[in-house]
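Reader: Before we discuss particulars, could you take me through how the chains meet and how the elements of one chain are arranged?

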Amino acid sequence: MTGKITMVAALNRAIDEAMAEDEGVILLGEDVAAKQGGGVFKVSAGLTEKYGEHRVRSTPISEQAIVGACVGAALAGMRPIAEIMLMNFLTVAMDQIVNHAAKLRFMSGGQTNVPLVIRTTTGVGVGFGGQHSDMLEAWFAHVPGLTIVTPSNPADAQGLMRSAIACNDPVIFIENILCYGITGDAPPAGHRVPLGKAAIAREGSDCSIITYGRTVLDALEVAGQLADEGISVEVIDLRTIAPYDEKTVITSVRKTGRAVVLHEAVKAYGTGAEIAARLSEKLFGELKAPVQRIGGAFSAVPMANVLEQAWIPSKDAIKDAVRTTINWKI
Amino acid sequence: MTIDREKLLDIYTRTMRCARSDEKIRSMLMGGKLAVLYYTYRGQELVSSAMMAALEPSDYLVTTYRGQHDQIAKGVPLDLLYAEIAGKVTGTCKGKGGSMHITHPETGVMVTTGVVGSGLPIANGLALASQNRGDGRVTVTCFGDGATNIGAFHEAMNMAQLYKLPVIFFCQNNRYGEHTAFADHTKVDSIVTRAAAYGMTGVRVDGNDAEAMYTAAKEAVDRARAGEGPTLIEAMCYRMMGHFFGADFSYMPKEHLTEMAAEDPLPRLRKLMLDYQFTEAELDAIVAQIDAEVDAAEQFATDSAFPGPEELRRDVFEAEIAA
């Protein structure tokens with residue numbers, strides 16, 4: 001397959017391929033079936049017609065029941081995909097995710113497992129306000145047993161989704177609402193991107209930006225601009241946020257000696273704090289500057305566009321953070 | 001005689017395995033041989049045994065922390081169960097789950113949850129898998145009256161009826177949610193009235209009446225297996241001790257204790273067995289055999305080793321975490 005594909009189409013293709021291969025792959029979520037329009041963001045468009053309403057099930061607005069049913073089906077050996085429309089609504093199903101999906105393999109001594117994918121959407125920048133925009137990956141990264149994934153381009157979306165569905169443990173798959181429409185090279189059918197493996201989105205030698213999801217695009221743009229100033233930035237796209245590819249991150253920062261950790265989520269207590277702490281544990285004597293962290297402001301995501309733009313890490317802030325590491329005098 | 005004599009004997013055997021086992025665990029706790037959190041089910045042995053006797057071994061069970069009777073009645077081997085309660089590596093879950101998280105897929109025990117009400121949505125998923133596959137399995141999920149006031153109960157009931165899932169919501173109404181009496185936590189007279197809110201069949205039964213309890217269970221199982229959808233069963237029973245073993249239950253009024261003692265399922269079932277022409281000697285022989293099994297399970301658990309620290313890195317994910 002050649003040509004271009006959008007992120008939505010790439011996700012749809014990955015799910016379609018998995019459903020064609022394995023009858024155990026089923027979808028549950030609000031409005032996901034054809035009768036309700038194939039999902040609010042159309043990721044499941046066309047799947048009901050192909051695989052039937054017993055495999056593409058629209059649900060009541062009952063997040064605990066949706067995730068719980070997917071946990072149960074997964075325990076029975078199916079590979080359910082739950083669509084939780086927005087990431088903030090995962091908080092309604094926290095008990096099923098944290099106390100059950102994540103822990104049942106361990107608490108059963110390995111007798112059972114939960115091959116479940118929870119797809120969810122979020123993102124700052126479209127004016128959805130405080131309850132429809134949060135990136136909550138750090139909440140889940142803190143829970144042993146969960147794998148958290150987010151793509152920054154359509155090819156990775158397709159490949160990571162196939163791997164997430166094939167994974168024998170629960171995966172939270174975060175889709176950024178601002179990325180749904182972006183186009184990129186269409187990967188071949190059956191394309192897979194391994195979980196737990198970061199990508200070097202751009203090679204560089206002076207400073208590493210470690211990021212994931214939508215902010216990879218910002219980092220790449222900033223890296224291009226800084227190149228004009230003679231600063232060579234390496235951009236690491238984690239792709240799997242947790243457990244993350246520590247080896248690739250350490251190798252990159254060992255090479256550049258400088259690191260900026262960037263995410264859209266609130267900076268305080270974010271995944272960036274964990275990564276920065278590991279870098280200082282592992283590379284204390286080798287770092288040429290303190291690790292810089294960039295993230296969202298410490299407030300709810302505001303609605304007013306001017307405030308929302310002030311909330312999001314700006315490209316100028318990313319540039320300044322890189323320059324801070326470059327200009328640091330020990 | 002309203003049920004098959006052989007079936008009643010089956011129910012009696014399961015009930016006595018539950019009863020003798022609970023007594024053994026309590027004596028181990030009293031004697032200092034065990035020091036673990038344990039939720040005794042004294043008083044609920046029969047309701048569960050009659051329910052499980054209506055199931056096939058391959059049917060699924062999802063239960064709660066007060067669920068050792070459900071697991072025993074479903075068929076979990078006592079030696080593996082005791083070892084798990086004691087946190088031993090030979091237990092069902094290698095000692096990593098304990099009494100609140102017993103899992104034994106070989107006998108259909110898929111989840112035991114320590115979170116009130118959380119098993120119900122999961123039971124729907126097991127039933128949904130059976131529905132899609134057409135494997136004919138039925139899923140039973142056990143919970144107490146206290147669980148019917150948490151949101152998961154309502155979400156799960158609605159979804160189960162919407163999809164006509166082969167699932168049975170088995171409420172063992174033991175009249176207390178932790179320390180709070182039923183009338184102090186719920187303003188309707190019975191749980192079963194809530195079935196109507198979801199268009200679901202609901203049945204209320206004296207759970208300590210073996211014939212009535214088994215009949216209600218069998219009807220619900222047949223309905224589910226025939227593809228006619230879920231049932232809410234409210235089995236009336238008593239929790240004859242505190243919330244957990246050793247816990248104070250002086251908050252139970254004297255009249256409640258008197259009523260409870262009169263309704264004790266064990267003497268009631270014994271009397272019914274005699275009515276069905278079983279002899280005292282036959283019944284005693286069954287109990288003696290169970291006691292031997294219980295003693296052997298205690299020995300097995302006592303002699304078994306604790307898990308090693310490497311178990312912390314296992315079963316978090318499919319692949320063991322590197323040391």
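Author: In this predicted model, 33 residues of chain B are in contact with 34 residues of chain A.

Reader: Which element gives the largest share of the side of chain B that touches chain A?

Author: The elements that contribute two or more residues to this side of chain B are strand S2 (109-113), helix H5 (119-133) and helix H6 (151-163) of chain B. The largest share, nine residues, comes from H5(B).

Reader: In the open sheet of five strands in chain A, which strands stand at the edges?

Author: The pairing in this sheet is mixed, and the strand order is S9-S11-S10-S13-S14 (chain A). Two of these strands have a single partner each, so one side of each is left without a neighbour in the sheet. The strands at the edges are therefore S9 (199-202) and S14 (292-296) of chain A.

Reader: Where do the buried residues of helix H9 in chain A lie around its axis, and against which elements do they pack?

Author: Within H9 (residues 246-256) of chain A, the buried residues are A:Val249, A:Ser252 and A:Val253. They cover an arc of only 90° around the axis, which means that they lie on the same side of H9(A). The elements against which they pack are strand S10 (207-211), strand S11 (233-237), strand S13 (259-266) and helix H10 (271-283) of chain A.

Key. Residues are numbered from 1 along each chain as its sequence is written. Chains are lettered from A and ligands numbered from 1 in the order in which they are written. This is a predicted model: local features need pLDDT of at least 70, side-chain atom pairs count only at pLDDT 80 or more; totals for chains, interfaces and linings use all residues. A residue is buried if 20 or more other C-beta atoms lie within 10 Å of its own, exposed if 12 or fewer, and partly exposed in between; C-beta atoms are placed from the backbone. Helices (H or I, at least four residues) and strands (E, at least two) are DSSP runs, numbered from the N terminus. The arc is that of the directions from the helix axis to the C-beta atoms. Two residues are in contact if their C-beta atoms, placed from the backbone, lie within 7 Å. Two strands pair if DSSP finds at least two bridges between them.
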